[in-house]
Amino acid sequence: MPIDFELSEGSKLAQAHYRQVAVDQMRPISRKYDLAEHHLPTEWVDYWWDEGRFSFHDKAENKTAPNDGFVTVCLQAEELCWGDAGLYLRMPTPALGGSAVSSAGTNEQREQFMSAFREKGGHPIWGAMAITEPQAGSDAAAIETTADFDADTEEWILNGTKIFCTAGEGASTADGGFIVVWATIDKSAGRGGIKSFVVMANTPGMELIGCEKKLGIRASDTATLRFDNCRVPKENLLGSAEVRKKGPTKTGDKGFKGAMATFDASRPIVAAMATGVGGAALDFLKEELENQGIQIRYDTPPRELTAIERDVIEMEAELQAARLLTWRAAWMMNTGKRNNLEASMAKAKAGLAVTKITQKTVQILGPVGYSKKLLVEKWMRDAKINDIYEGTQQINQLIVARRILDYPSAMLR
Amino acid sequence: MIDFEPSEEQALIVETVHAFAENEIRPLCRVADEAGAPPKNVVEAAHELGLVANSLPEAHGGGGERSAMTGVLIAEELAWGDLAIALAILSPGLLGFPVADFGSESLQKEILPGLVGDAFVPGSLAIVEPRFDFDVFHPQTTAKRDGDEYLLDGVKCQVPWLEGGRHVAVIAREEAGLAAFVLARDHAGLQAEPELKMGICGLPTSEVTFSSVRVPAEARLSASDDEIRQMINRGRIALAAAGVGTARASFEVARDYAKERETFGQPIATRQAIAFKLADMAIEIDGARLLVWEAAAALDRGEDVSRLARLAYDQTMRIALTVTDGAVQVYGGHGYIREYLPELHLRNIAGFASFETLALV
């Protein structure tokens, strides 16, 4: 296929569909759940569980129209985050837990943990991933949560504390959901000893300590979880239990590398979420300017433009560059190309671009941008997380740098 | 369907042009810069590849395969070798494309066969004017109808003026809007003064004065105001691609240098201050390239690309300056020395603030 920037029919339908969901279901309650932090956004959660998750695919023409695969997944994330990034993160879906099971689990595990998310009826459930600990965030290999194997019962016993677990409240308390927990089975092995385990909601020994109060994405439940002799069956380990201390990872070992591979899929999605928030701010800004009679003059030399026009043009270019890098990383997923460099590029670019775009929007709109009457100030607060979670700007720069320099991690830290 | 993979044919072209840029252009970029002209044999060898001729109409001996996407791929690779030499190689397009798109049958017969012949014949397009408040869409050079003739008046600069060129296209302002003309370089009343610039020195350019130049009405291309605007956008997209190529070259030399140069017993590339700068360069170059590709794809679909061309050009200008300046910085003192490439790249890229239509796709 030649280079092509036109979305397939099905992808355009998905884009339009999720934009409508954003407009109808999310925007009207956006402020409500920014203010009502830690309250379950029941309208949204129930809508998504009962209707939203089926609404696109239930239409016959949507099913048959060709679409752009993983690019469409990114379009969905972008449009829904254009609606509200916090509510997007509160959707009852397998989320990052699902990505982990998909990329590191067996077919049986996928069936076992994911099928409940596809069935109609029942009550809303969530998936989540717990990596970060009070002392280990970006340096995931330094985590201290342990998993010990009890040979008598054939169970893994988890001990430790996890923080910053997105959707962790829902995933730990609504029966049928699950959390993928990273833990070490051999501290002396460093990253080689790190494995991921599926912990079903309400497993004894897993305790929800509480949710963080945050700068933004306040509708999202960012949980602290304590694992105190929390037992999970042997089958809940994703990948093999083999500990590799040195040397190349052989095929089939989906331990730390498998867990890290989750990011190749999740980073483009996070980048898409970022462009959604950035797009919300920029769309609003352009609309406001237009209402004031200000048209952006793309055909006028920069020196004759107003500062606002120059800002808007730069913001548009930055946002579009981030979006296209995201699509490229997603397209590589479709074609089975290794995309960890491109996924990090997209994430680094999008996280920073929308941080700046939303801040600039607040600045340009002055008191209007700062006021809670509008959502602009919220978008600025919501956008910032995209430059932090799923690998900070600096972690993604590190990954890109190692790849372009062809350095192993020991050479560049 | 979203796809970022060049076609097999395009991949082959990129491979060929890249090899040419690496083996023929890059080794002589410094020589061209110091001499103020491109190496003749390199330009002629590039002409034999048919990079421009391939896109000109079949009826006049060209390949008839015009594609903006292929054009930007070629421009990036050539400019990766050297921006000035790349622009010299692509210069026949400055004349060939406007004539092919908007010239009368007789003008096409007069000009196009020469551009696709065995010998390299450069082209010229006069568009930029030597004033700080120049606006490409509102030039001060005027064209006034006078009976069967037009009267051209004004001053242009940054006009590619390579040895052996016979014609020049010029963009002027008519009452109704933009108008384009083609005339002989030695036309009465036209005066060309070679000019010296900070960069792209390997591309000889002239300041061209039109004093009451009379041309016959047939010298006016049929292009409407909108069509000339679209042509200017084509120029921006082509130039942006060349800017991406230059930035990529700059990034690569900085990356390689950073892996060799040691401080305190370690290559400087192992320091985050340097490594992160290089990572940012790589990210921004890829982002700008995708904007260029998106604009080229829209061109090939026949859409109005004013906005996309603007975004791609501005973004490239911005990031390429950051990248080339960053490369000088990574090199430290050596970056300031003309023995190494970073200073050359930086001087070349600084011109993007005023360049218009130095290449076309």
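Guide: A salt bridge here is a side-chain nitrogen of Lys or Arg within 4 Å of a carboxyl oxygen of Asp or Glu. By that rule, domain 1 of chain A and domain 3 of chain A share four salt bridges. In one of the salt bridges of chain A, Glu78(A) meets Arg323(A), with 2.8 Å between the closest N and O atoms.

The model is predicted, and local features need pLDDT of at least 70, side-chain atom pairs count only at pLDDT 80 or more, and totals for chains, interfaces and linings use all residues. Residues are numbered from 1 along each chain as its sequence is written, chains are lettered from A and ligands numbered from 1 in the order in which they are written, and side-chain values use heavy atoms, with hydrogens and water left out.

The bounds come from an automatic or database domain assignment. In chain A that assignment gives domain 1 (9-93), domain 2 (98-254) and domain 3 (262-405). Where domain 1 touches domain 3, 21 residues of domain 1 of chain A and 27 residues of domain 3 of chain A take part, contact meaning heavy atoms within 4.5 Å. The C-alpha centres of these two domains of chain A are 20 Å apart.

Buried area is the accessible area (1.4 Å probe) that two parts lose on being put together, summed over both. Between domain 1 and domain 3 of chain A it comes to about 1,900 Å², with 63% from carbon and sulfur atoms. On the domain 1 side, Arg31(A), Phe70(A) and Glu78(A) supply 34% of the area buried against domain 3 of chain A, more than any other three residues.

Polar contacts are counted as pairs of N or O atoms within 3.5 Å; within protein, one must be able to donate a hydrogen and the other to accept it, and residues adjacent in sequence count only if both atoms are side-chain atoms. Nine residue pairs across the interface of domain 1 and domain 3 of chain A meet this rule, both residues at pLDDT 80 or more. On the domain 1 side, α1 (9-35) and α4 (70-89) of chain A each supply at least two residues; helices (H or I, at least four residues) and strands (E, at least two) are DSSP runs, numbered from the N terminus. With 13 residues, α4(A) gives the most to that side.

The salt bridges between the chains number seven. Lys337(A) and Glu5(B) join their side chains in a salt bridge, at 2.9 Å from N to O. The polar contacts between chain A and chain B amount to 19 residue pairs, both residues at pLDDT 80 or more.
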